[in-house]
Amino acid sequence: GVVSTTGGYVAGISGLNDGTISGCGNTGDISSVDYGNPAGICGTAAEEDAYVVGCWNSGTVSLGGTELGDAGGICSYVRSGATLAYCYNYGPVEYGGGIVGMESSANIASCLYDSAFVASSNSYGTASTTEEIQSQDYIDDYNDYVDTSPLEGLAYWVSDESDTNGGYPVLAPEDVLCRVEIQVSGRGAVTPCRPFGILPGRSRT
């Protein structure tokens, strides 16, 4: 799918986040022109207690052929005190950052972008190889973060053995809350999210 707008914050999951986004992935292309702020997951993490954790993007993030705005693989803009942790991107970003377009004293930790597909214009996030992002070490490090994080409801990652995500880490099957299949008709109808269920407080075995 494609999400596009003129100006403003636009993203595959949320335009503005002042809470917690975790365990989400975007495969659609995101575009915003005329001082736009497109991103794969979150347009802006707007508050100091905002979190984006364990998310990924594979869609193309674009400023529509201009350099007017801030494009980011995960977030366009992350404000002071907000946290991005263990997110990765392997979708191309036009005129922007592999992870974040712009930040202001934010906490960005262990966020990787695949330098084989992404050319970042800034130093927010870490340029990595495909093998590093797909590695069991990265998955284990993230799962250890989940075990020690004060945030509730974070999902675990596993290896993509069925190649549903190009070999990159995916959610553990028991942690899949829902699958969203958006099919927009000429009248704007959208299919609802289909719940799959989760066991709250599940411990990793």
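Helix H2 spans residues 136-148 of this predicted model; its 13 residues reach 18 Å from the first C-alpha to the last, close to the 18 Å expected at 1.5 Å a residue. The expected span is 1.5 Å times one less than the number of residues. Helices (H or I, at least four residues) and strands (E, at least two) are DSSP runs, numbered from the N terminus.

Tyr138, Ile139, Tyr142, Asn143 and Val146 of H2 are buried. They lie on the same side of H2, because they cover an arc of only 130 degrees around the axis, taken from the directions from the helix axis to the C-beta atoms. Asp137 and Thr148, on the other side of H2, are exposed. Buried denotes under 20% relative accessible area, exposed over 50%, and partly exposed in between (1.4 Å probe, protein chains only).

The cover over the buried residues of H2 includes the following elements, with contact meaning heavy atoms within 4.5 Å.

| Element | Residues |
|---|---|
| Strand E7 | 51-53 |
| Strand E13 | 88-89 |
| Strand E17 | 112-114 |
| Helix H1 | 130-134 |
| Strand E19 | 157-158 |

The chain as a whole contains two helices and 22 strands, and buried residues make up 43% of its 205 residues. Of the contacts with a separation of 6 or more, 64% join residues 24 or more positions apart.

The average pLDDT (the predictor's confidence in each residue, from 0 to 100) is 83, and 84% of the residues score at least 70. Over residues 178-205 pLDDT stays under 50.

Residues are numbered from 1 along each chain as its sequence is written, and side-chain values use heavy atoms, leaving out hydrogens and water. Local features need pLDDT of at least 70 and side-chain atom pairs count only at pLDDT 80 or more, whereas totals for chains, interfaces and linings use all residues.
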